[in-house]
Amino acid sequence: MRLNGAVAEIRRKRTVAAEPQAIWDVLTDFGAVSTWADFVDHSCLLEHGPDGNAVGTSRRVQLGRNTLVERITGVDPPHSLSYDVEGLPRLVRRLRSNWTLRPIARGMTEVTLSSAVTIGSNPIQGVAERLFGRGSVKQLDLLLDGLAKRVEGNNV
């Protein structure tokens with residue numbers, strides 16, 4: 001975990017036995033995250049970005065009783081995909097997730113998933129950011145595991 005001023009960032013990496021394009025295709029099927037992330041109960045596409053662009057595209061994600069909306073804020077095909085998460089507890093000002101793909105050998109890609117949370121700048125909020133970040137580690141690992149299982153299973 002890293003603190004950048006008033007932002008706590010968690011970063012997890014995994015080597016996946018797949019080409020970046022195969023991974024990119026799964027990540028950019030944005031409404032289908034529930035087909036490979038085991039802890040997501042349901043997901044669906046809400047809207048496409050303006051003029052068919054990926055930026056602005058949003059999905060609904062159901063996690064038990066919690067409903068989130070994730071909206072794409074940045075894309076650099078097939079290297080990075082960023083999105084903001086809405087619908088978190090009120091104390092969370094902003095949560096941004098970012099997937100980065102880096103080919104490391106033929107058929108092998110380093111996948112990095114980072115999550116940056118902003119709660120506030122006072123000391124108590126800083127502690128809350130760190131606690132929220134530590135709680136996010138398991139979810140980031142589960143997302144990376146699910147993604148790897150999905151794309152590596154397609155290579156068999």
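Author: The largest pocket of this predicted model has a volume of about 410 Å³. Its lining is made up of 21 residues, and Leu63, Leu68, Glu70, Leu95 and Gln139 are the ones that lie nearest its centre. Two or more lining residues come from each of strand E4 (58-63), strand E5 (66-76), E6, E7 and helix H2 (123-154). H2 gives the most, with six residues. By residue class, the lining of the largest pocket divides into 13 nonpolar, six polar and two charged.

Those elements belong to a chain with two helices and eight strands. Read from the N terminus on, the order of the elements is β-β-α-β-β-β-β-β-β-α. The protein chain has 156 residues, and buried residues make up 42% of them. Among contacts between residues at least 6 apart in sequence, 48% join residues at least 24 apart.

Rolling a probe the size of a water molecule over the atoms shows where empty space is left. The count comes to one cavity of 30 Å³ or more. The largest cavity has a volume of about 40 Å³. Its lining consists of Leu27, Phe30, Val33, Trp36, Arg59, Leu81, Tyr83, Trp99 and Leu143. Of the residues in this lining, eight are nonpolar, none is polar and one is charged.

Several residues of the cavity lining, among them Phe30, Trp36, Tyr83 and Trp99, also take part in ring contacts. A pair of aromatic rings is described by the distance of the centres and the angle of the planes. The structure holds two aromatic pairs. One of them is formed by Phe30 and Tyr83, with 5.6 Å from centre to centre and 70 degrees between the planes, an edge-to-face arrangement. Phe30 lies in the loop between helix H1 (20-27) and strand E3 (42-47), while Tyr83 lies in strand E6 (residues 80-86), so the pair ties together parts that are 53 residues apart in sequence. Both Phe30 and Tyr83 are buried.

Trp36 and Trp99 form a pair too: their ring centres are 6.1 Å apart and their planes stand at 70 degrees, so this pair is edge-to-face. Trp36 is in the loop between H1 and E3 and Trp99 is in strand E7 (residues 94-105), so the pair ties together parts that are 63 residues apart in sequence. Trp36 has a relative accessible area of 5% and is therefore buried. Trp99 counts as buried because its relative accessibility is 3%.

The charged end of Arg59 sits over the ring of Phe30, at 3.8 Å from the ring's centre. Arg59 also lies over the face of Tyr83, 5.0 Å from that ring centre.

Gly74 lies in strand E5. Not counting residues up to four places away in sequence, Gly74 touches Val55, Ser80, Leu81 and Ser82. Gly74 and Asn98 are 24 residues apart in sequence, and their C-alpha atoms are 8.7 Å apart in space.

After these residues come two details of the backbone. Most residues other than glycine have a negative phi, and most peptide bonds are trans. Pro77 and Pro78 are joined by a cis peptide bond, with omega about -20 degrees. Pro78 has its place in the loop between E5 and E6. Asp51 is not a glycine, yet it has a positive phi of about 55 degrees. Asp51 is found in the loop between E3 and E4, and with a relative accessible area of 80% Asp51 is exposed.

Glu110 lies in strand E8 (residues 108-118). Its relative accessible area is 17%, so Glu110 is buried. Leaving aside neighbours within four places in sequence, Glu110 is in contact with Lys13, Arg14, Thr15, Thr100, Leu101, Arg102 and Ile104.

Definitions and conventions
Residues are numbered from 1 along each chain as its sequence is written. This is a predicted model: local features need pLDDT of at least 70, side-chain atom pairs count only at pLDDT 80 or more; totals for chains, interfaces and linings use all residues. Side-chain values use heavy atoms; hydrogens and water are left out. On a 1 Å grid over the protein atoms alone, a cavity is a set of points where a 1.4 Å probe fits but cannot get out, and a pocket is an open set with protein on both sides within 12 Å along at least five of seven lines; lining residues have an atom within 4 Å of a point. Grid points are joined across faces, edges and corners, and a volume is the space filled by probe spheres set on the points. Ala, Val, Leu, Ile, Met, Phe, Trp, Tyr, Cys and Pro count as nonpolar, Asp, Glu, Lys and Arg as charged, and the others, Gly among them, as polar. Rings of Phe, Tyr and Trp (its six-membered ring) pair if their centres lie within 6.5 Å; planes under 30 degrees apart count as stacked, over 60 as edge-to-face and the rest as tilted. Helices (H or I, at least four residues) and strands (E, at least two) are DSSP runs, numbered from the N terminus. Buried means under 20% relative accessible area, exposed over 50%, partly exposed in between (1.4 Å probe, protein chains only). A charge sits over a ring if NZ of Lys or CZ of Arg is within 6 Å of the ring centre and within 35 degrees of the ring normal. Contact means heavy atoms within 4.5 Å.
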